[in-house]
Amino acid sequence: MAASLGPAGVGGAGPSGFAFDSGLEIKTRSVEQTLLPLVSQITTLINHKDNTKKSDKTLQAIQRVGQAVNLAVGRFVKVGEAIANENWDLKEEINIACIEAKQAGETIAALTDISTLNHPESDGQITIFTDKTGVIKAARLLLSSVTKVLLLADRVVIKQIITSRNKVLATMERLEKVNSFQEFVQIFSQFGNEMVEFAHLTGDRQNDLKDEKKKAKMAAARAVLEKCTMMLLTASKTCLRHPNCESAHKNKEGVFDRMKVALDKVIEIVTDCKASGETDISSVSIFTGIKEFKMNIEALRENLYFQSKENLSATLEVILERTEDFTDSAYTSHEHRERILELSSQARLELRHLISVWIQSQSKRTKSIDEELELSVLKISHHLNELKKELHSTATQLAADLLKYHADHVVLKALKLTGVEGNLEGLAEYACKLSEQKEQLVEACRLLRHISGTEPLEITCGHAEETFQVTGQQIISAAETLTLHPSSKIAKENLDVFCEAWESQISDMSTLLREINDVFEGRRGEKYGYLSLPRPMKNNANLKSLKADKPDSEEQAKIARLGLKLGLLTSDANCEIKKWEDQENEIVRNGRNMSSMAYSLYLFTRGEGPLKTSQDLIHQLEVFAEEGLKLASSVQGFSKQLKDDDKLMLLLEINKLIPLCHQLQTITKTPLQNQVFLKVDKCITKTRSMMAILVQLLSLCYKLLKKLQMENNRWVSVTNKDSVDGKT
């Protein structure tokens with residue numbers, strides 16, 4: 001049940017979300033894409049050689065460049081004006097900048113026009129061939145106006161995100177205070193649409209961010225919001241069902257608090273400012289400290305007075321103090337601890353020797369002293385490299401062992417069992433075990449953060465640490481609620497959702513560990529943005545052996561567009577499902593399952609969600625096609641209760657769905673070969689068509705069901721009246 005309601009939370013979109021994606025965001029990107037060729041063309045124009053004689057070919061080439069610049073400016077101005085028309089508060093500023101750009105483009109075109117050469121210079125006509133000053137001025141004006149439009153467009157995007165966040169917060173406040181289940185369903189539906197809009201806006205912003213550190217922070221905040229949306233649904237429903245249960249309220253409040261923090265974090269990132277006067281904390285990573293320290297000592301080769309001895313000693317001490325996180329950890333083996341302490345001691349000794357040689361070289365620089373200084377630099381660098389290896393081995397081994405040990409999720413299964421049995425003693429025992437597991441994983445994340453190697457991975461480690469810390473406690477409170485109310489279906493569903501979040505984070509940690517190892521071993525170039533799409537290989541290799549590959553920008557954009565439309569359809573399907581009073585109706589169950597799977601496919605197109613491999617995708621599509629056939633069977637059963645006209649109308653829709661299900665099954669069974677992206681494209685297109693029919697079927701079945709109920713009620717009413725009349 002929990003998984004099936006996913007799209008109502010974040011998948012799909014309302015009209016406003018789609019309008020922004022297809023409108024302003026695309027227009028803004030078009031402005032940026034137009035700017036690049038402009039810069040290239042203007043540079044070519046200004047840098048042409050000032051030969052006294054130019055061939056006709058050269059003159060024509062220069063004219064073509066000038067015309068190309070003017071055409072590009074024309075496209076740029078159209079995009080800018082479209083943005084201005086959608087944003088009245090900035091319309092005047094954007095239009096002024098567009099007018100300047102248009103004037104500059106026309107000036108450049110005029111100055112490079114060959115036809116002006118036919119007129120004598122006495123006419124007062126100045127061209128680029130006689131003086132480049134005019135075109136340089138026009139180019140500066142053009143680039144200045146382009147920059148203005150880009151900055152103004154960026155302000156529009158930020159304003160859209162802030163407005164969307166404020167809407168989400170306002171609806172969350174209403175959700176916190178709701179007392180009736182009917183009111184909650186109504187408000188949560190609105191909340192789901194608002195979260196979809198916010199997800200689209202922030203997703204596009206994340207893709208456009210150039211700073212990898214900010215991008216990682218945005219990804220972490222969005223991950224929290226995505227997972228917490230489903231938690232919010234079940235936690236709130238549990239509170240409404242059990243209003244006097246303290247653990248249920250604690251569970252719900254935890255979700256609300258975490259979502260509010262994540263929403264604030266997103267605004268901090270897009271506005272580039274800290275809340276409550278916070279200052280950015282410097283990196284606590286040991287690897288980052290070692291890298292900076294090595295750069296400082298290597299700089300001594302060129303400049304002996306680059307920094308003071310005291311600063312160098314203090315920097316090393318800070319690094320070695322941080323290694324205490326490893327040596328003080330209860331999970332570090334005796335061998336690792338001894339080796340870390342030994343290498344730390346050797347690094348201190350080598351630094352003392354380096355400082356001694358350094359002092360000598362400052363007073364008297366000879367070849368032998370320079371050689372000894374070089375040797376000292378190499379020795380301390382070697383010891384620090386060995387220390388890095390030992391720390392990396394310690395952290396990754398601990399993480400790998402924990403992931404392997406907890407892969408079967410025994411504790412979570414035990415908590416679920418004790419909950420449905422109402423076993424309070426068992427709850428206390430397994431809650432204690434989960435707390436211990438949580439502390440182990442939190443410690444592993446803390447150590448991984450030290451050796452992650454890059455700032456984005458440090459941020460991801462911090463996000464994983466926080467997630468285990470918070471989710472672990474929430475699972476315990478959800479289990480307590482179920483144990484107190486063992487027959488409660490919603491309490492069981494709520495615990496399942498939190499356990500799924502924990503399992504998902506375990507899976508994410510496995511990916512994180514792999515990325516950290518790749519960076520350490522020099523394989524940093526590989527990206528995991530599209531884990532789902534495999535690299536084509538020879539000899540029709542098995543899916544399991546295929547590695548991840550990133551599609552080119554055109555393919556990725558096409559798949560993303562298809563996915564967005566799929567997401568919108570899941571939202572439409574969920575709106576239709578909510579109309580049904582009987583949520584356990586066969587048609588509703590089939591439709592909900594299809595919507596849930598379509599939402600997973602939508603996440604796949606964004607490089608997110610539970611589908612991580614091509615095998616996952618193919619399996620999901622096979623199940624989706626089977627569910628579509630089940631839906632067709634359910635609708636056919638329902639159609640037998642209808643009159644001929646209504647029955648025919650319904651069967652026409654079913655006859656559209658069944659062939660699509662069979663076609664999708666055929667596509668999934670076709671060998672991949674080297675047509676991976678083509679196959680993904682076909683599959684998602686078919687899925688989208690099936691979802692469009694699903695929305696139509698749900699709407700039509702609901703109307704026909706209501707009509708059937710009204711006719712039955714009328715028949716019962718007439719029958720009762722006739723019966724009474726007969727007795728009279």
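# Helix packing and buried sites in a predicted model

C245 counts as buried, at a relative accessibility of 5%. Buried means under 20% relative accessible area, exposed means over 50%, and partly exposed lies in between, computed with a 1.4 Å probe on protein chains only.

This is a predicted model: local features need pLDDT of at least 70, side-chain atom pairs count only at pLDDT 80 or more, and totals for chains, interfaces and linings use all residues. Residues are numbered from 1 along each chain as its sequence is written, and side-chain values use heavy atoms, leaving out hydrogens and water.

## Overall

The protein has 23 helices and zero strands. Both are DSSP runs numbered from the N terminus: H or I over at least four residues for helices, E over at least two for strands. Of the 728 residues in the protein, 48% are buried. Contact means heavy atoms within 4.5 Å. Among contacts with a separation of 6 or more, 78% join residues 24 or more positions apart.

## Cysteines

A disulfide is a pair of cysteine sulfur atoms within 2.5 Å. The count here is zero. C245 is in no disulfide, and its nearest cysteine sulfur, on C239, is 7.7 Å away. C445 is in no disulfide either; the nearest cysteine sulfur there belongs to C461, at 6.5 Å. C445 is buried, with 0% relative accessible area.

Two packed helices are described by the angle between their axes and the distance between the axes. Axes are lines fitted to C-alpha atoms, for helices over the stretch in contact, and angles between N-to-C directions run from 0 to 180 degrees. Under 35 degrees counts as roughly parallel, over 145 as roughly antiparallel, 65 to 115 as roughly perpendicular, and the rest as oblique. In contact counts, Ala, Val, Leu, Ile, Met, Phe, Trp, Tyr, Cys and Pro are nonpolar; Asp, Glu, Lys and Arg are charged; the others, Gly among them, are polar. A crossing is left-handed if the near helix is turned anticlockwise from the far one by less than a right angle, and right-handed if clockwise.

Take α6 and α7 to begin. Helix α6 (residues 133-177) packs on α7 at about 155°, with the axes 9 Å apart. The two are therefore roughly antiparallel to each other. Their crossing is left-handed. The contact of α6 with α7 holds 13 nonpolar, five polar and seven charged residues.

Next comes α7 against α8. The axes of α7 (residues 181-208) and α8 (residues 212-241) come within 11 Å and cross at roughly 175°. That makes α7 roughly antiparallel to α8. On the α7 side, the contact residues are F181, F184, F188, F191, M195, F198, A199, T202, G203, R205, Q206 and N207. On the α8 side they are K215, M218, A219, R222, L225, T229, L232, L233, S236, K237 and L240. By class, this contact has 13 nonpolar, six polar and four charged residues.

Q206 gives a closer look at α7, the helix in which this residue lies. Leaving aside neighbours within four places in sequence, Q206 is in contact with K215, M218, A219 and R222.

Then α8 meets α9. Helix α9 (residues 246-271) packs on α8 at about 155°, with the axes 8 Å apart. That makes α8 roughly antiparallel to α9. α8 passes α9 in a left-handed crossing. The contact residues of α8 with α9 divide into 18 nonpolar, five polar and five charged.

## Other sites

Where is H409? This residue sits in the loop between α14 (367-405) and α15 (410-421). H409 has a phi near 55°, a positive value in a residue other than glycine.

Two pairs bring separate parts of the chain together. S571 is found in helix α19 (residues 553-579). S571 and V695 are 124 residues apart in sequence, yet their C-alpha atoms are 9.6 Å apart in space. E626 lies in helix α21 (residues 614-639). E626 and H662 are 36 residues apart in sequence and 8.9 Å apart in space, C-alpha to C-alpha.

| Residue | Relative accessible area | State |
|---|---|---|
| S571 | 6% | buried |
| Q206 | 13% | buried |
| H409 | 15% | buried |
| E626 | 42% | partly exposed |
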